[in-house]
Amino acid sequence: MFRHYTIIIIIAIVIMVVFTSNCKSSPAVNAQNDHIVIASVLPLAGFAEKVGGPKIDVFEMVPPGLSPHTYEPSPGQLEKVSNAGIYLSVGSGIEFEIVWLDKIIAINDKMMLVDCSKGIELIEASGSLNDQNSDHDDEGVYNGTRDDHNRRGTDPHVWLSPVNASIMVENIYLSLSELYPENESIFYDNKVDFQNDLEMLDMRIREILMGKIQRKIIVFHPGWSYFAREYGLEQIVIEKEGKEPSPGDMVSIIDYAKDSGIKIIFASPEFSPKSAEVIADEIGGNVVLISPLARDYIENLIKVTEAFEKSME
Ligand SMILES: [Zn+2]
């Protein structure tokens, strides 16, 4: 009798163990449905949060304050990739994706890969790191195919024009709706709201820059080509191919700034502004930090535009 109870208890324990271990493992099996969205850079993560709201969990690969031109993901981040439903790539030839995207895709082949730059005309890189490997296609126009995320020779900072941002938001909306169709109408309302905000931002930027005759900005890192194209500015870059400029380059930028009456040199918190400070000292001006990678896109771009406006006075 006693023996009989022992067997029943043992069977019960075995059933419980099997049952609880099943319970534990089932979220991992269904992890594709957990609505985890991963974005290469913070602004994209911000766009996804606007469209997805509380329906999705968004994680960025390149953390705040670090550079997507050099960042390497942590093992914890790669673990996160294995549970993600969607990966939002910038798609414009940013070094983080050139180096890591193949490896990231290999971790989770069920994950939907989105090229957020699809439909945007990319600018050819000049004087940047990308120049050294130019196997890009003609005119740097993106053709939207899935396997050319290894593109090089294009300027990657595509998100820094609100007009482009609106296209990226559309791409994010389409992919979220495809993978999570049950939330499509929520995503739609969110993206329309955010695209309206981006349109207001675009008008606000035009208003701030209106009437400026001198439209040159001197920047350490060449992050603002798309912004400059959109709003008719000229970006003069200090950095040479991702490195500090030579003394000769420094002299010509100092002369250029003096001739143009420019007093502000722009640098980013993600890059050492040493040469920017040297140039600012020489022209009796100062360095202003602007971020190409802020998560709060609209607030940041208004701040940046106001800083540009001051430097063009
Ligand atoms: Zn950059």
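**Exercise 1.** In which sense do strand β1 and strand β3 pair, and over how many bridges?

*Solution.* This is a predicted model, in which local features need pLDDT of at least 70, side-chain atom pairs count only at pLDDT 80 or more, and totals for chains, interfaces and linings use all residues. Residues are numbered from 1 along each chain as its sequence is written. Strands (E, at least two residues) and helices (H or I, at least four) are DSSP runs, numbered from the N terminus. Two strands pair if DSSP finds at least two bridges between them. Strand β1 (residues 36–39) and strand β3 (residues 86–89) pair in the parallel sense over 3 bridges. Ala39 has Leu88 of β3 as its bridge partner.

**Exercise 2.** State the order of the strands in the sheet and explain why β2 and β4 stand at its edges.

*Solution.* The open sheet consists of 4 strands in the order β2-β1-β3-β4, with parallel pairing. β2 (57–60) and β4 (112–115) each have a single partner strand, so one side of each is left without a neighbour in the sheet.

**Exercise 3.** Determine how many residues of helix α2 are buried and what covers them.

*Solution.* A residue is buried if 20 or more other C-beta atoms, placed from the backbone, lie within 10 Å of its own. In α2 (residues 42–52), 10 of the 11 residues are buried, so the helix is largely enclosed by the rest of the structure. Among them are Leu42, Phe47 and Val51. Their cover includes β1, β2, β3, α5, α6 (184–209) and α10 (297–311). After α2 comes Gly53, with a positive phi near 55°.

Methods
Contact = placed C-beta atoms within 7 Å. Axes fitted to C-alpha atoms, helices over the stretch in contact; angles between N-to-C directions. Buried ≥ 20, exposed ≤ 12 C-beta atoms within 10 Å, placed from the backbone.
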